[in-house]
Amino acid sequence: MPEVLIGIVGYTPVIEAFPLGPRLMQRLETAFAGSTTVAIENMTWGPIHVVQRFQDPGAIRPQRLILVGASAICRSPGRVQAFRWQGGRLSDNAMQERIYEAVTGIVDIENTLMIGSHFGVWPDETFTVEIDMAANTFGNLVMADSERRSDDARLSAELGFSPATATGMLADTVIDLAEHGSRSDRAVATKSAETLAHVERFTKHEFVDLSAAPDARR
């Protein structure tokens, strides 16, 4: 059994320039080629599927887990941060909201963390490595690729960050944590149930006072 498992949450093999795409996977596979202690998996599936995989009797049960994915909130496009998962509990309603999101097919690194923790499948040493990306980043990269303007300089100008640089930062951080874990000298913040971003509601209501509208009687 590998001692360390790296899972790329939201991985896609379609677009080369996407920071969670084939270049990141290739970099990690090259770094750990021939290793018997580190395994790398594509975790494109939703959180419930991920948990079921870990619950399977034949599943990899690592001593250290590193989940790689997009941050729940984009504050600074291209920024890469590492977190040590501290666990914790959510209210029943908050937990149900995350499970509801998960069963609808939404792939989210914080939902994956929280749902896995709820079902007790994560090892004590669990990390995330997250990149800030706007919600439309993948769509913009698809358009750029289809229009043959996917060189890094042009993408950097459009996205506000260099995909190539971001991919390198992700890989370096993941490799360091895979090799050293909590002994790493890298800056690692903490993340817990209490610090997770709030789940966005699927529906929103807006009320308008029609009596105040100029054409309300037409």
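Student: Is β3 mostly buried or exposed?
Tutor: Six of the seven residues in strand β3, which spans residues 64-70, are buried, so the strand is largely enclosed by the rest of the structure; buried here means under 20% relative accessible area, exposed means over 50%, and partly exposed lies in between, with a 1.4 Å probe and protein chains only. This is a predicted model, in which local features need pLDDT of at least 70 and side-chain atom pairs count only at pLDDT 80 or more, whereas totals for chains, interfaces and linings use all residues. Residues are numbered from 1 along each chain as its sequence is written, and side-chain values use heavy atoms, with hydrogens and water left out.

Student: Which strand pairs with β3 over five bridges?
Tutor: That is β1 (residues 4-9), which pairs with β3 in the parallel sense, and Leu-5 stands opposite Leu-65 there. Strand β5 (residues 125-131) also runs parallel to β3, joined by seven bridges, with Val-68 opposite Val-129. Strands (E, at least two residues) and helices (H or I, at least four) are DSSP runs numbered from the N terminus, and two strands pair if DSSP finds at least two bridges between them.

Student: And what's the order of the strands in the sheet?
Tutor: The six strands form an open sheet in the order β2-β1-β3-β5-β4-β6, with mixed pairing. Because β2 (38-43) and β6 (189-191) stand at the edges with a single partner strand each, one side of each is left without a neighbour in the sheet. The twist averages 25° from one strand to the next, where axes are lines fitted to C-alpha atoms (for helices, over the stretch in contact) and angles run from 0 to 180 degrees between N-to-C directions.

Student: How many bridges join β4 to β6?
Tutor: Three bridges join strand β4 (residues 80-85) to β6, and the two run parallel; Arg-84 has Thr-190 as its bridge partner in β6.

Student: Where is Val-14 found?
Tutor: Val-14 lies in the loop between β1 and α1 (22-31), and at 58% relative accessibility it counts as exposed.
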